[in-house]
Amino acid sequence: QVQLVESGGGLVQAGGSLRLSCAASGIIFRINAMGWYRQHPGKQRELVATITSDGSTNYADSVKGRFTISRDNGKNMVYLQMNSLKPEDTAVYYCNADRVQYYSGSYGFGFWGQGTQVTVSS
């Protein structure tokens, strides 16, 4: 009942910046939590950053001070500003929506986008 589409990935040199966007669509009352996760080849998907509807944020230690997550509740969008990129940031980045509340009052959990590739060259 919720679709997520990521955009903004690409190839950049170390030290560069990218801004990822994720748009959520569907008949939604509120998305209580949105976030970004990433997956390196052969590795488990890992949390990058999350943000709740009241603006509380959480970051992985590896990206603190470099990445900033934000959201537009009215548009049901979430963003990830990525600065000072390093080769180890290379991964597929996925958008997540959790505790999605519908107008009926019921909830949905664990929605994922298709992912967008970020490649950082050295």
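1. Strands β1 and β3 pair in the antiparallel sense, with five bridges between them. Two strands count as paired if DSSP finds at least two bridges between them. Strands themselves are DSSP runs (E, at least two residues), numbered from the N terminus. Within this pair, Ser-7 stands opposite Ser-21 in β3. This is a predicted model, in which local features need pLDDT of at least 70 and side-chain atom pairs count only at pLDDT 80 or more, while totals for chains, interfaces and linings use all residues. Residues are numbered from 1 along each chain as its sequence is written, and side-chain values use heavy atoms, with hydrogens and water left out.

2. The β1 and β3 pair belongs to an open sheet of four strands. The order is β1-β3-β8-β7, and the pairing is antiparallel. β1 (3–7) and β7 (67–72) stand at the edges with a single partner strand each, so one side of each has no neighbour in the sheet. On average, neighbouring strands of this sheet are turned by 15° against each other, direction ignored.

3. Next, the β3 and β8 pair. β3 (residues 18–25) and β8 (residues 77–82) run antiparallel and are joined by six bridges. Ser-21 has Tyr-79 as its bridge partner in β8. Leu-18 stands opposite Met-82 in β8. Ser-21 is also the residue of β3 that faces Ser-7.

4. Six bridges join β7 to β8, and the two run antiparallel. Phe-67 stands opposite Met-82 in β8. The hairpin of β7 and β8 has four residues between the strands, and Asn-76 takes a positive phi near 55° there.

5. Which residues make up the covered face of β7? They are Phe-67, Ile-69 and Arg-71, while Thr-68, Ser-70 and Asp-72 form the uncovered one. In a regular strand, side chains alternate between the two faces of the sheet.

6. Asp-89 is found in the loop between β8 and β9 (91–101). Is Asp-89 buried or exposed? At 1% relative accessibility, Asp-89 counts as buried. The cut-offs are under 20% relative accessible area for buried, over 50% for exposed, and partly exposed in between (1.4 Å probe, protein chains only). Leaving aside neighbours within four places in sequence, Asp-89 is in contact with Arg-38, His-40, Arg-66, Phe-67, Ser-84, Val-118 and Val-120. Contact means heavy atoms within 4.5 Å.

7. Salt bridges come next. The structure holds four of them. The criterion is a side-chain nitrogen of Lys or Arg within 4 Å of a carboxyl oxygen of Asp or Glu. One joins the side chains of Asp-89 and Arg-38 (3.0 Å, N to O). That pair links distant parts of the chain, since Asp-89 is in the loop between β8 and β9 and Arg-38 is in strand β4, 51 residues apart. Asp-89 and Arg-38 are both buried.

8. Asp-89 also forms a salt bridge with Arg-66, with the closest N and O atoms 2.8 Å apart. Arg-66 lies in the loop between β6 (57–59) and β7, so its pairing with Asp-89 in the loop between β8 and β9 ties together parts 23 residues apart in sequence. Arg-66 counts as buried, at 10% relative accessibility. A network of salt bridges links Arg-38, Glu-46, Arg-66 and Asp-89.

9. The side chains of Asp-61 and Lys-64 also meet in a salt bridge (3.2 Å, N to O). Here both residues, Asp-61 and Lys-64, are exposed.

10. Ala-60 lies in the loop between β6 and β7. Ala-60 is buried, with a relative accessible area of 18%. Its contacts, leaving aside neighbours within four places in sequence, are Leu-47 and Val-48. The C-alpha atoms of Ala-60 and Thr-50 are separated by 9.3 Å, and these residues are ten apart along the chain.

11. Last, the surface. Ile-27, Phe-29 and Tyr-103 make a nonpolar surface patch of about 390 Å². Patches are made of residues with over 30% relative accessible area and no salt bridge; like charges are joined within 9 Å, nonpolar side chains (Val, Leu, Ile, Met, Phe, Trp, Tyr) within 5 Å. Areas come from the Shrake-Rupley method with a 1.4 Å probe, and for residues only the protein chains shown count as cover. Ile-27 sits in the loop between β3 and β4 (30–39). Ile-27 is exposed, with a relative accessible area of 68%.

Notes:
Axes fitted to C-alpha atoms, helices over the stretch in contact; angles between N-to-C directions.
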